[in-house]
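Biologist: I am new to this structure. Please take a close look at one part for me, the pockets, and tell me what lines them.

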Amino acid sequence: MLYYKSLISILEILIVILPILLTVAFITIAERKTMASMQRRLGPNIVGYYGLLQPFADALKLLIKEYVSPTQANIIIFFIGPFITLIFSLYGYAMIPFGPGIALNDFNLGLLYMLAVSSLATYGILLAGWSANSKYAFLGSLRSTAQLISYELILSSALLLIVLAAGTLNLSIIIEMQKIIWFIIPFLPIFAIFFIASVAETNRAPFDLAEAESELVSGFMTEHAAGVFVFFFLAEYASIILMCILITIVLLGGYDIFLLIHIIKEIINLFLLSIFFIITLLITFIQFNLMYIYYIIDMLNLNIINLSFLNYIIEFVDNINKSIYENFYFLIDFSYILTFNTFILSLIYIFILGFKSCILIFTFIWVRASYPRIRFDQLMSFCWTILLPIIISIIILIPCIIYNKDIIPCIISLL
């Protein structure tokens with residue numbers, strides 16, 4: 001029985017991790033094609049149809065390359081660093097609710113767990129840069145560590161406001177709290193700050209000072225090559241996906257599809273209403289013509305058709321009209337009963353979460369293609385002198401509003 005449970009756990013982990021790694025591969029090609037389009041280039045278009053196999057060609061090239069390790073490096077820590085970065089960037093997916101009840105672990109402190117795991121990934125970068133025994137790698141790791149620690153404060157402060165609004169650290173409950181309104185609407189400034197901090201937290205341009213090619217060759221990855229470099233590459237893009245999913249969960253309703261279902265219901269109602277009016281008009285027109293014929297025949301005493309039979313037809317049409325009027329509200333109510341197969345509904349939830357996350361990933365790429373890299377001192381000054389005072393003032397303002405309006409959330413757990 002124990003082996004069976006262990007096997008199921010391994011299968012669940014593989015079902016989550018393998019699509020994530022496959023998504024990372026295709027995000028690299030999406031980034032290159034998007035940036036090429038923005039810069040009026042073609043981008044990868046040779047390997048596979050429309051260049052779709054380019055990520056696999058890149059991965060194969062890196063894996064079969066000859067690896068040359070620095071002779072003066074601390075080899076054990078040098079190899080452990082990339083593994084730590086990749087592992088802790090993938091640990092966060094254990095708490096992601098892909099749908100109601102669709103998560104590896106629906107932990108009550110899931111948000112706190114994700115913050116802790118993302119913070120631990122910094123150690124991999126620091127160890128990799130220090131163990132390489134290269135000044136460029138060491139300076140890149142110091143920059144990255146200072147940047148990540150600084151913007152981690154902004155990130156956690158923004159999430160604190162979400163926790164104050166939702167009253168819980170459970171990601172599934174945070175999504176359920178947004179069925180009425182997504183948190184991005186009342187917390188639009190928080191979304192902007194959170195997105196900026198996410199770009200800095202993932203070492204993405206224009207905040208990629210840890211990998212500044214013009215200053216530090218390639219930053220903390222300067223001495224890493226071949227297969228070991230792949231781990232840093234996967235960790236970076238896995239962190240981007242994780243941050244986009246986290247933003248989707250805490251601010252954009254996560255897998256919530258109730259807004260979509262409401263739109264579908266309204267479309268169905270509008271369609272049924274249109275059909276109802278068309279049928280009513282036709283029946284009224286037929287009934288009016290039959291009554292007109294009845295009165296003409298009655299007035300002129302024509303024996304063309306039996307008046308009792310014509311009267312019966314008029315009554316029959318009138319009963320149909322009344323029946324449609326009586327059952328119209330049942331048809332409208334029936335349109336609200338949208339039942340899906342459980343498997344299909346789960347796929348819809350995953351698709352909605354993925355679609356929202358893809359929009360944010362595209363925004364990451366858009367920002368990289370639009371803004372130039374800033375200086376490191378400007379980056380740190382922007383964090384400590386601009387973003388931090390703003391987020392602290394909002395942290396003071398929001399609880400005051402919540403307390404003044406007596407809208408403190410209270411999550412009651414049924415044990």
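Modeller: First, a term: a helix here is a DSSP run of H or I with at least four residues, numbered from the N terminus. Keep in mind that this is a predicted model.

Start with the largest pocket. Its volume is about 980 Å³. The lining counts 35 residues. Nearest the centre of this pocket lie Thr 28, Leu 62, Phe 229, Phe 233 and Tyr 237. Now look at the elements behind the lining. Helix 1 (2–38), helix 2 (54–64) and helix 9 (226–251) each give at least two residues to the lining of the largest pocket. Helix 1 supplies the largest share, with eight residues. Sorted by class, the lining of the largest pocket holds 19 nonpolar, 12 charged and four polar residues.

Next comes the second largest pocket. The space in the second largest pocket is about 720 Å³. It is lined by 24 residues, and Pro 19, Ile 20, Thr 23, Phe 98 and Ile 350 are the closest to its centre. Helix 1, helix 9 and helix 12 (342–370) are the elements that give two or more residues to this lining. Helix 1 again has the largest share here, with 10 residues. By class, the second largest pocket is lined by 19 nonpolar residues, four polar ones and one charged residue.

The charged count is 12 in the largest pocket and one in the second largest pocket.

Begin at helix 4, residues 110–131. Helix 4 has 22 residues and spans 33 Å from first C-alpha to last, close to the expected 32 Å. Just after helix 4 comes Asn 133, with a positive phi of about 60 degrees. Asn 133 is not a glycine. Asn 133 sits in the loop between helix 4 and helix 5 (135–166). Asn 133 has a relative accessible area of 53%, so it counts as exposed, the cut-off being over 50%.

Asn 203 also has a positive phi, near 55 degrees, and is a residue other than glycine. Find Asn 203 in the loop between helix 7 (188–201) and helix 8 (213–216). With a relative accessible area of 5%, Asn 203 falls under the 20% cut-off and is therefore buried.

Terms used: Residues numbered from 1 in each chain as written. Predicted model: local features only at pLDDT ≥ 70, side-chain atom pairs only at ≥ 80, totals over all residues. Heavy atoms only, no water. 1 Å grid on protein atoms, 1.4 Å probe; cavity = no way out; pocket = protein on both sides within 12 Å on 5 of 7 lines; lining within 4 Å. Points joined across faces, edges and corners; volume = space filled by probe spheres on them. Nonpolar A, V, L, I, M, F, W, Y, C, P; charged D, E, K, R; others polar. Expected span 1.5 Å × (residues − 1). Buried < 20%, exposed > 50% of the residue type's maximum accessible area, 1.4 Å probe, protein only.
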